[in-house]
Amino acid sequence: MASKFRESFKVVDKALLRWFPGHMGKGMKQMQQKLKSVDCIIEVHDARIPLSGRNPDFKHTISGIKPHILVLNKMDLTDMKYKNVVEEKIIREQNLSKVIYTNCKESLCPGIKEIIPTAQRLIKSSNRYNRAENKEFCIMIIGVPNVGKSSLINSIRNTYLGKKSAAHVGAVAGITRSVQSQIKVSHNPLIYVFDTPGILSPSIKNVETGLKLALCATLQDHLVGEQIIADYLLYYLNKTNNFDYVSYLNCDEPTDDIRIALAKAAIHRQASIKYRNFDGSYIYRPDLLGMARNFINAFRTGVFGGILLDSDLL
Ligand SMILES: Nc1nc2c(ncn2[C@@H]2O[C@H](COP(=O)(O)OP(=O)(O)OP(=O)(O)O)[C@@H](O)[C@H]2O)c(=O)[nH]1
Ligand SMILES: [Mg+2]
């Protein structure tokens, strides 16, 4: 029997998924310039997409031969039953020193406590070249936008120094816009980190990867289009038989049509937009854009449970 849902997600114009504003190119250059004073790279990525969406350019330009830890952050939003499989696949297929899962919203997160000792151990067993004499260690935090790089710095600093936030954090992509001056995160051992701007690849090779990145808010929603992101979310939930959205959106049954799903929710919640008719009277239409934002936000706050958007790649 043919599935009642789409087999693949089509439609999207690749240009919508490309976001490479000036500060990203500039940030990448600044990061390269700082590299000679860096002992270890911590790449932060979103634990909902551990196998896709990392910027491939980092490998050639930044991480190279330095010790390289991959931190999969926002573990509170992913499906942790895949943790071991994901970790093994990454270590097996890539040249990485270590994978650590974290949740920066949780002050007692064990992963956060593991980062500095791991970095210290890797640095000590690496060739520090020009920095062999330096007593202090310096770490650069890199990654695509909005994955929690600045949050991670604040969490580490708070763990070791008990101090308040030093790095600026925000819910939309593109908060940190240049390489920041180094932040002390620990006294003994003396460790500094550089916070850097989130950087996407200048070209999106795979549309589905671009959509996953958009769903995880690494691009700004309005650039891609909220209804497209919401449609991809609906497609993904149906594909993985996650029908929690049916009651959330007040649908009678699972549907593959995002406009119907959003309209049902908007009507139920009496969310409408007023338009002026040509004869001066007013008409009301369901607020599809508002509902698309609401639906995406529900995913991003875990309403449909922990979700691994890369489960199809395992
Ligand atoms: N649920 C959840 N949210 C998190 C976690 N870590 C960070 N966030 C949130 O993710 C958003 C982005 O955090 P930032 O630390 O600003 O991310 P960034 O990578 O520095 O972003 P850019 O500077 O824009 O590249 C903020 O709203 C944080 O509160 C986490 O572990 N879990
Ligand atoms: Mg930041």
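How many salt bridges does the rule find across the interface of domain 1 and domain 2? The answer is 0. Keep in mind that this is a predicted model.

Let me step back to the layout. The protein chain is split into domain 1, residues 21–194, and domain 2, residues 207–313. Between them, the contact involves 19 residues from domain 1 and 20 residues from domain 2. Their C-alpha centres are 32 Å apart.

Now the interface itself. Domain 1 and domain 2 bury about 1500 Å² between them, and carbon and sulfur atoms give 61% of that area. On the domain 1 side, Arg 48, Ile 49 and Leu 77 supply 36% of the area that this domain buries against domain 2, more than any other three residues. While the count of salt bridges is 0, the rule does find 6 residue pairs in polar contact across the interface, with both residues at pLDDT 80 or more. As for the make-up of the domain 1 side that touches domain 2, there are 11 nonpolar, 4 polar and 4 charged residues.

Next, a single residue, Thr 78. Where is it found? Thr 78 sits in the loop between strand E2, residues 68–73, and helix H3, residues 83–93. Is Thr 78 buried or exposed? Its relative accessible area is 6%, and buried means under 20%, so Thr 78 counts as buried. Leaving out residues up to four places away in sequence, Thr 78 touches Ala 47, Arg 48, Gly 306, Ile 307 and Leu 308. With Ala 47 there is a polar approach: a polar atom of the Thr 78 side chain lies 2.9 Å from the backbone oxygen of Ala 47.

Last, helix H10, which covers residues 258–268. Which of its residues are buried? They are Ile 258, Ala 261, Leu 262, Ala 263, Ala 265 and Ala 266. An α-helix has 3.6 residues a turn, so residues three or four places apart point the same way. Covering the buried residues of H10 are, among others, helix H8 (226–239), strand E8 (282–286) and helix H11 (288–300).

The two ends of H10 each have a detail to point out. At the start, a side-chain oxygen of Asp 257 comes to within 3.0 Å of the backbone nitrogen of Arg 259. Just after the helix, Gln 270 has a positive phi of about 55°.

Notes:
Residues numbered from 1 in each chain as written. Chains lettered and ligands numbered in written order. Predicted model: local features only at pLDDT ≥ 70, side-chain atom pairs only at ≥ 80, totals over all residues. Heavy atoms only, no water. Buried < 20%, exposed > 50% of the residue type's maximum accessible area, 1.4 Å probe, protein only. Helix = DSSP H or I, 4+ residues; strand = E, 2+ residues; numbered from the N terminus. Contact = heavy atoms within 4.5 Å. Polar contact = N/O pair within 3.5 Å; in protein donor to acceptor, adjacent residues only side chain to side chain. Domains from an automatic or database assignment. Buried area = accessible area lost by both parts, 1.4 Å probe. Salt bridge = Lys/Arg side-chain N within 4 Å of Asp/Glu carboxyl O. Nonpolar A, V, L, I, M, F, W, Y, C, P; charged D, E, K, R; others polar.
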